[in-house]
Amino acid sequence: MIVFRGAGKRYRPLFRAPVRALDDLTLEIVPGEILGIAGPNGAGKSTLIALLLGFLAPTEGEVRIDGLPPRRYVERHGIGYLSELVAVNPRWRAEQALARYATLAGVPKREVRARVDRAVDELGLAPHRDKRVRALSKGNLQRLGLAQALLRDERILVLDEPTHGLDPLWTQRFRDIVAALRRPDRAILIASHNLDELQRLADRVVILDRGRLQRIVVPGVDAPTGRATYRIVVARGVEELPAVHPGAVALGRGEFELRDVELEELNRVLAAVVARGALVASVVPTRSALERHFREAVGDGAGDGR
Amino acid sequence: MSARILARYAPWQARDYLFERGIPVLVICTLFGWLTYGAMAGMRGELGPEALRQLAVALWRSIVPQVALFGTILALNGIVATDLRQGYFRFHFAKPVSAPAYYAQSYAINGLSLGVITLLFFHVLARLLGIPTPIWAAGYVLLYFVALGGIIFLASSASVSWLGRFDWLVASALWAGGVVTHELALRGQRWARLVAPALPPSWRTDDVFQALVAGVPPPTEPLVHLLAYGAVCFLLGVIVLRYRPLAA
């Protein structure tokens, strides 16, 4: 469905050295898939999305959607797109903006009203439908952006930082909406700094850094290599854990931290603790598997704005 | 698909013109009208009917080119560049819509709307001044729109980054440059003779205007030159939009 073949993008500013924003990206995204895109600031996520939408042309390699150059595909079929910065004319009213976007998306005239109403209800915009865009809060503007992306049943959805500015309730609601959007003939791309979100939603996560594809992770399948730190809550027999593993750091109320241990060692400790009659309530890595992959892939400079 | 969608979107573009550009044009027109009507009203007791009519025509001649110039600049200033700079293009052109077709339609709608607004203004002013509505004046505004508008459209389509704020200024400077260079070419400046054909034939608007005021058909050569120059610039703008990256 979507193919990046050796795709690269080099910017040539007038008075500065060329900048390679994306380098030799080869990637295929198939129908039915939810693909996460992660990376520190400046990793090339926005460039990848701009190439996919045809807003930029690759300087090397090619990008194809159903065999077509992206711009031609978009002009024929459209893509449901939520940009990182939601830019809507501030003078428009929320409902009017959605009616305009529905028209541009090719929603039949007789269905525009119903689609707009559905999007307004689904994204909780009813109290704000007559407000001007400039009067919307950041979260409401983000929901308006998401609503316009969902007005038509597109086969490709691209969501760039979709939960940026959303409160925890709407973040959860967004996850439910995306889960409901999964369809065998639809590809969904989600670019996010929120690794937990990608871990929950994505089938695969592409980790980019400095314009290069560093790693592709399948959350829940690919166990990260190396050592990790785990937080363990013991409901009964609190004294057993330090007895089995003297290095366990007590955090109070039956909570312990096992720092820098291999997965095998963790399992051995847990088995011994349970065998001694303790009741373990939860074991959670302090960093998710995806986060550990991310750290391994991009190093300690992650998020430093390179 | 794109053409049908754009046809359905046309009323929204007309509405955008009216609220964002048409109202400022009406304000400027009203100001010109008020000054003209004030000048006429002050002379009513002092001049006879024929002298008053001549004064009305003279005042009329002075405001039509001003309305055409400001109307055209206001109709097209930032037509593409503002959307690119502000990022509005992102949602628009993720939809099954062609950017060149979208802005070409916007250009046409803004031109037609400017024609309608100025025709209404000229009609109201003519009634106030007690003279027949000079429909040719709206035609002149449209000619001006095509001739100068083409180069504003091109400047806006080709603009990058912060330069997009000044598309109208670049186009207006070229428009004025056309007059100056033509004058210098007439005085024998060699470089001006070389450069003048590439610059807008703004100096030819006067030939057309004088003919329209006199009530005779405008001379073909200046008319064709102005229209062709504007049309070529407009088409170049469309081609630039086809091939330029929309994102920075």
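Reply: Happy to. One definition before the helix angles: axes are lines fitted to C-alpha atoms, for helices over the stretch in contact, and angles run from 0 to 180 degrees between N-to-C directions. Also keep in mind that this is a predicted model.

Me: Good. How do the axes of H3(A) and H4(A) cross?

Reply: The axis of H3(A) and that of H4(A), residues 109–122 of chain A, come within 9 Å and cross at roughly 125°. That angle makes H3(A) oblique to H4(A).

Me: And is the crossing of H3(A) and H4(A) left-handed or right-handed?

Reply: The crossing of these two helices is right-handed.

Me: Which residues of H3(A) and H4(A) meet there?

Reply: From H3(A) you have Glu95(A), Leu98(A), Ala99(A), Ala102(A) and Thr103(A), and they meet Val112(A), Arg115(A), Val116(A), Ala119(A) and Val120(A) of H4(A). Sorted by class, this contact has seven nonpolar, one polar and two charged residues.

Me: Switching to the sheet. What's the strand order?

Reply: The sheet is open, with six strands of chain A in the order S5-S6-S7-S3-S8-S9, and the pairing is mixed.

Me: Which strands stand at the edges?

Reply: Those are S5 (80–82) and S9 (212–217) of chain A. Each has a single partner strand, so one side of each is left without a neighbour in the sheet. Neighbouring strands are turned by 15° against each other on average, direction ignored.

Me: In what sense do S5(A) and S6(A) pair?

Reply: The two run in the parallel sense, over three bridges, with S6(A) covering residues 156–160. As one example, Leu82(A) has Leu159(A) in S6(A) as its bridge partner.

Me: What does H1(A) touch when it packs on the sheet?

Reply: H1(A) touches S3 (34–38), S5, S6, S7 (187–191) and S8 (204–209) of chain A, and its direction makes about 150° with that of S6(A). Helix H5 of chain A, residues 138–149, lies across S5 and S6, running at about 170° to S5(A).

Me: Last topic, the two chains. How many residues does the contact take from each?

Reply: Chain A gives 25 residues and chain B gives 21 residues. On the chain A side, H1 (45–53), H2 (70–77) and H3 (94–105) each supply at least two residues.

Me: Which helix gives the largest share of that side of chain A?

Reply: H3(A) does, with five residues. By class, the residues of chain A that touch chain B divide into 14 nonpolar, seven polar and four charged.

Key
Residues numbered from 1 in each chain as written. Chains lettered and ligands numbered in written order. Predicted model: local features only at pLDDT ≥ 70, side-chain atom pairs only at ≥ 80, totals over all residues. Contact = placed C-beta atoms within 7 Å. Helix = DSSP H or I, 4+ residues; strand = E, 2+ residues; numbered from the N terminus. Nonpolar A, V, L, I, M, F, W, Y, C, P; charged D, E, K, R; others polar. Parallel < 35°, antiparallel > 145°, perpendicular 65-115°, else oblique. Left-handed = near helix turned anticlockwise from the far one by under 90°. Pairing = 2+ DSSP bridges.
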